[in-house]
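Colleague: I've got a new model on my screen and I'd like to walk through it with you. Can you take my questions one by one?

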Amino acid sequence: MIRFLIIAVIIGALLYVFKGFFFNSDYKKCGKCEGKGYWIALRGEKNKCDACQGSGKILR
Ligand SMILES: [Zn+2]
């Protein structure tokens with residue numbers, strides 16, 4: 001029974017790691033604003049990036 005619990009904990013830890021890995025891989029740095037979430041317009045004003053909605057990262 002203890003062995004089963006250890007295996008369950010290991011599997012849970014692996015799932016947690018893989019979940020984090022896949023979650024991170026769902027997003028990439030926004031190329032339009034270079035991850036800042038905004039871009040500077042010609043007159044020096046900050047414009048919220050419309051490609052990533054200001055988050056700086058976009059779904060693949
Ligand atoms: Zn952006």
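Here is our chat about the fold, the confidence and a few loop residues.

Modeller: Before we start, this is a predicted model, so local features need pLDDT of at least 70, side-chain atom pairs count only at pLDDT 80 or more, and totals for chains, interfaces and linings use all residues. Residues are numbered from 1 along each chain as its sequence is written.

Colleague: What pattern does the protein chain follow, read along the sequence?

Modeller: Helices (H or I, at least four residues) and strands (E, at least two) are DSSP runs, numbered from the N terminus. The protein chain has 1 helix and 4 strands. Read along the sequence, that gives α-β-β-β-β.

Colleague: Is the chain spread out or a compact globule?

Modeller: Its C-alpha atoms fill a box of roughly 70 × 15 × 15 Å along the principal axes. The globule rule is 2.2 Å times the number of residues to the power 0.38, and the radius of gyration is taken over C-alpha atoms. For 60 residues the rule gives 10 Å, but the radius of gyration here is 20 Å, well over that, so the chain is more spread out than a compact globule.

Colleague: How many of the 60 residues, in percent, count as buried?

Modeller: A residue is buried if 20 or more other C-beta atoms (placed from the backbone) lie within 10 Å of its own, exposed if 12 or fewer, and partly exposed in between. Of the 60 residues, the share that counts as buried is 7%.

Colleague: Which element has the lowest mean pLDDT?

Modeller: pLDDT is the predictor's confidence in each residue, from 0 to 100. The chain has a mean of 85, and 92% of its residues reach 70 or more. Strand β3 (residues 46-48) has the highest mean among the elements, 90, while the lowest, 81, belongs to helix α1 (residues 2-25).

Colleague: Which residues is G37 in contact with, leaving aside neighbours within four places in sequence?

Modeller: G37 sits in the loop between β1 (27-29) and β2 (38-40), and it is partly exposed, with 17 other C-beta atoms within 10 Å. Two residues are in contact if their C-beta atoms, placed from the backbone, lie within 7 Å. For G37 the partners are C49, C52, G54, S55 and G56.

Colleague: What does G56 touch, not counting residues up to four places away in sequence?

Modeller: G56 is in the loop between β3 and β4 (57-59). G56 is partly exposed, because 18 other C-beta atoms lie within 10 Å. It touches K29, C30, C33, G35, K36 and G37.

Colleague: Is E34 buried or exposed?

Modeller: E34 is in the loop between β1 and β2, and its phi is near 55 degrees, a positive value in a residue other than glycine. Most residues other than glycine have a negative phi. With 11 other C-beta atoms within 10 Å, E34 is exposed.

Colleague: About how many degrees is the phi of Q53?

Modeller: Q53 lies in the loop between β3 and β4, and with 12 other C-beta atoms within 10 Å it is exposed. Its C-alpha atom is separated from that of G37 by 7.0 Å, though they are 16 residues apart along the chain. Q53 is not a glycine, yet its phi is positive, at about 60 degrees.
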